[in-house]
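Welcome! Take a moment to look at the protein shown here, and then let us walk through it together.

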Amino acid sequence: PDLTCAELVELVTDYLEGALAPGERMRFDEHLASCSGCVNYVDQMRTTIELTGGLREEDISPELQVELLAAFRDWRSGPPV
């Protein structure tokens, strides 16, 4: 079956790390061939990885660390009810 955009988002890390099984990789590539939005998403993820790849914990101020951790906690807990 065709890969949905939501499924692609869930698989993007494995895709970029070369960890997808061959069949999943083929479905991923087929989806990218017809979905410019997902092509943009994958490109943004690649750029993010490139730009943050050399970032070390000590490069981030303690204040920003607190803000980032709070943002991720809020994101993981989902939208407010």
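Let us begin with contacts, meaning heavy atoms within 4.5 Å. Of the contacts in the protein with a separation of 6 or more, 52% are between residues 24 or more positions apart. Please keep in mind that this is a predicted model, in which local features need pLDDT of at least 70 and side-chain atom pairs count only at pLDDT 80 or more, while totals for chains, interfaces and linings use all residues. Residues are numbered from 1 along each chain as its sequence is written, and side-chain values use heavy atoms, with hydrogens and water left out.

**The overall picture**

The protein has 4 helices and 0 strands, where helices (H or I, at least four residues) and strands (E, at least two) are DSSP runs numbered from the N terminus. The radius of gyration of the protein is 16 Å, well over the 12 Å from the globule rule for 81 residues, so the protein is more spread out than a compact globule. This radius is taken over C-alpha atoms, and the rule is 2.2 Å times the number of residues to the power 0.38. The C-alpha trace spans about 45 × 35 × 20 Å along its principal axes. Buried residues are 17% of the 81 residues; buried means under 20% relative accessible area, exposed over 50%, and partly exposed in between (1.4 Å probe, protein chains only).

How far apart are the end C-alpha atoms of helix α2? They are 19 Å apart, which agrees with the 18 Å that its 13 residues (22-34) should span at 1.5 Å a residue. The expected span is 1.5 Å times one less than the number of residues. The buried residues of α2 are Arg27, Phe28, His31 and Leu32. They cover an arc of only 135° around the axis, which puts them on the same side of α2; the arc is that of the directions from the helix axis to the C-beta atoms. These buried residues pack against α1 (5-16) and α3 (36-52). On the face turned away from the buried side, α2 carries the exposed residues Pro22, Ala33 and Ser34.

| Residue | Relative accessible area | Class |
|---|---|---|
| Tyrosine 15 | 7% | buried |
| Arginine 27 | 19% | buried |
| Phenylalanine 28 | 0% | buried |
| Tyrosine 41 | 25% | partly exposed |

Not counting residues up to four places away in sequence, arginine 27 touches Pro1, Asp2, Leu3 and Glu7. Tyrosine 41 lies in helix α3 and, leaving aside neighbours within four places, is in contact with Leu8, Val9 and Val12.

**The aromatic pair and the core**

The structure holds 1 aromatic pair. The rings of tyrosine 15 and phenylalanine 28 have centres 3.8 Å apart and planes at 15°, so the pair is stacked. Rings of Phe, Tyr and Trp (its six-membered ring) pair if their centres lie within 6.5 Å; planes under 30 degrees apart count as stacked, over 60 as edge-to-face and the rest as tilted. Tyrosine 15 lies in helix α1 and phenylalanine 28 in helix α2, so the pair ties together parts that are 13 residues apart in sequence.
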